[in-house]
Amino acid sequence: MKVVLQNLTKAFPKRGKKETGEVIAVNDFTFVIPDGKLIGLLGPSGCGKSTTLNLISGLETPTSGRIFFGDDDVTDLPPENRGVGLVFQNYALYPHLTVRQNILFPLQNLRGDAKLSKEEMEKRALEAAQMVQIEGLMERKPSEMSGGQQQRVAIARALVKMPRVLLLDEPLSNLDARLRLQTREEIRRIQRQTGITTVFVTHDQEEAMSISDMIVVMKDGVVNQIGAPQEVYDEPVNLFVAQFLGTPPIHVFDAEVKGELLYIGGKPVLEAHGVADQPVTAAVRPEGFRLDPHGPLTCALERVEVMGRDTSVVCMHPNCRNVVIRAIIPAEEKVNESDDEVRFSLKPAKVFLFDAKSDLRIDAKLK
Ligand code: ATP
């Protein structure tokens with residue numbers, strides 16, 4: 001099911017005692033979610049992710065704009081008539097009901113033509129439980145299960161009605177690191193298997209990048225960039241997106257272009273063709289540093305952290321806005337930890353230039 005968000009805007013009145021006016025939680029959001037894809041809605045706290053999801057589900061009504069599921073305009077439909085499956089961070093299971101009863105619950109409430117026979121309901125509940133691999137736990141109560149298992153029940157409950165669209169709001173936040181990884185793989189598998197168009201909200205960029213077909217990066221209610229995860233990582237449109245994606249985070253330098261050369265700390269570090277003379281912000285991915293004894297970027301060496309396959313060279317540069325630089329280099333390349341300095345050259349594909357005032361990407365050919 002294709003989902004179309006057309007100029008969606010949601011304004012809330014400000015709630016604080018001394019505040020007046022409105023918060024624009026979602027500002028003119030237009031996007032077509034292709035049929036059968038998993039979309040990651042990503043951004044810092046308060047950027048409007050949950051509000052966007054609630055607009056799609058019908059829990060909130062937009063101030064302006066329309067929402068379509070396929071050709072159906074669902075903007076004025078209540079949530080129960082939209083055919084959406086919802087999964088939240090807190091699993092919201094009924095504690096007094098067994099797993100089986102929890103999964104059956106949405107089916108028991110179907111009315112009219114949608115009403116199912118008892119046998120059909122049991123069959124669907126079992127299929128949903130099998131999909132999330134909890135069919136062996138059907139007679140347990142939620143309190144007798146781990147967080148990961150409870151979240152699977154919540155997913156089964158969302159799937160049992162065969163929703164047109166599946167909406168997941170930070171579904172992994174209550175799980176420990178290992179379970180998070182496992183459950184996110186599971187969500188991806190189920191999504192592929194069912195082909196249900198899915199929107200997944202998270203503030204965790206790694207989570208969004210790893211399972212999404214496309215990510216939507218939001219800030220202050222505004223969509224900053226939409227694209228395949230790798231594409232957004234490789235071609236960020238502005239400094240915010242560049243900084244939001246990637247661990248360790250990108251390194252941001254106050255720099256300058258003069259005579260088509262990029263200078264950091266007065267040293268020419270790359271050729272910058274097509275850029276007029278101006279102060280710029282240069283951002284370098286951690287994997288964009290190359291150890292080079294004669295390289296133009298000289299940094300004060302702090303320490304070297306060996307991380308198995310890679311080595312993280314922790315160092316500092318006066319023009320870098322990050323507290324420390326973490327340059328990721330292959331483990332075979334050795335740095336003498338007793339040295340005071342380490343020198344690098346930069347990999348042009350891993351360096352981005354941004355306008356020093358607007359933070360927008362500058363179209364530059366770096367060499
Ligand atoms: P988080 O990751 O913290 O859940 P989010 O990206 O999901 O954040 P939203 O919950 O969508 O963000 O909130 C977006 C903005 O709208 C915030 O400034 C929030 O304070 C505001 N907001 C959300 N719901 C309401 C409401 N019911 N009334 C007033 N303001 C609201």
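The model is predicted, so local features are reported at pLDDT of at least 70 and side-chain atom pairs only at pLDDT 80 or more, whereas totals for chains, interfaces and linings use all residues. Residues are numbered from 1 along each chain as its sequence is written, and side-chain values use heavy atoms, with hydrogens and water left out.

**The ligand**

Begin by selecting the ligand. Its surroundings comprise 13 residues, the closest being Ser45, Gly46, Lys49, Ser50 and Thr51; a residue counts as near if one of its heavy atoms lies within 4 Å. By type, this shell holds 6 nonpolar, 5 polar and 2 charged residues. Here Ala, Val, Leu, Ile, Met, Phe, Trp, Tyr, Cys and Pro count as nonpolar, Asp, Glu, Lys and Arg as charged, and the others, Gly among them, as polar.

Next, display the polar contacts, which are pairs of N or O atoms within 3.5 Å. At Gly48, a polar backbone atom is 3.0 Å from an oxygen atom of the ligand. Select Ser50 to find a polar side-chain atom 2.8 Å from a ligand oxygen. At Thr51, an N or O atom of the side chain is 2.5 Å from an oxygen atom of the ligand. On its own the ligand has 640 Å² of accessible area, and the protein covers 67% of this; the areas come from the Shrake-Rupley method with a 1.4 Å probe.

Strand S1 (3-13), strand S2 (22-33) and helix H1 (49-57) are the elements that each give two or more residues to the shell. Helices (H or I, at least four residues) and strands (E, at least two) are DSSP runs, numbered from the N terminus.

**Helix H1**

Now select H1, which gives the most to the shell, with 3 residues. Is this helix mostly covered or mostly uncovered? It is mostly covered, with 8 of its 9 residues buried. Buried means under 20% relative accessible area, exposed over 50%, and partly exposed in between, with a 1.4 Å probe and protein chains only. Among the buried residues are Lys49, Thr51 and Leu53. After H1 comes Gly58, with a positive phi near 100°.

**Aromatic rings**

The whole structure contains 4 aromatic pairs. One to select is Phe29 with Phe31, a stacked pair at 6.4 Å centre to centre and 20° between the planes. Rings of Phe, Tyr and Trp (its six-membered ring) pair if their centres lie within 6.5 Å; planes under 30 degrees apart count as stacked, over 60 as edge-to-face and the rest as tilted. Both Phe29 and Phe31 are buried.

Proceed to Tyr233, where the charged end of Arg285 sits over the ring, 3.9 Å from its centre. At Tyr263, Lys258 lies over the face, 5.7 Å from the ring centre. A charge sits over a ring if NZ of Lys or CZ of Arg is within 6 Å of the ring centre and within 35 degrees of the ring normal.

**Backbone positions**

Most residues other than glycine have a negative phi, and most peptide bonds are trans. Select Thr247 and Pro248: the peptide bond between them is cis, with omega near -10°. Pro248 lies in the loop between helix H8 (239-244) and strand S11 (251-258).

Gln133, in the loop between helix H3 (118-131) and helix H4 (147-159), has a positive phi near 60°. Gln133 counts as partly exposed because its relative accessibility is 47%.

Finish at Asp359, in the loop between strand S20 (351-355) and strand S21 (365-366). Its phi is positive, about 65°, and Asp359 is partly exposed at 30% relative accessibility.

Conventions: Polar contact = N/O pair within 3.5 Å; in protein donor to acceptor, adjacent residues only side chain to side chain.
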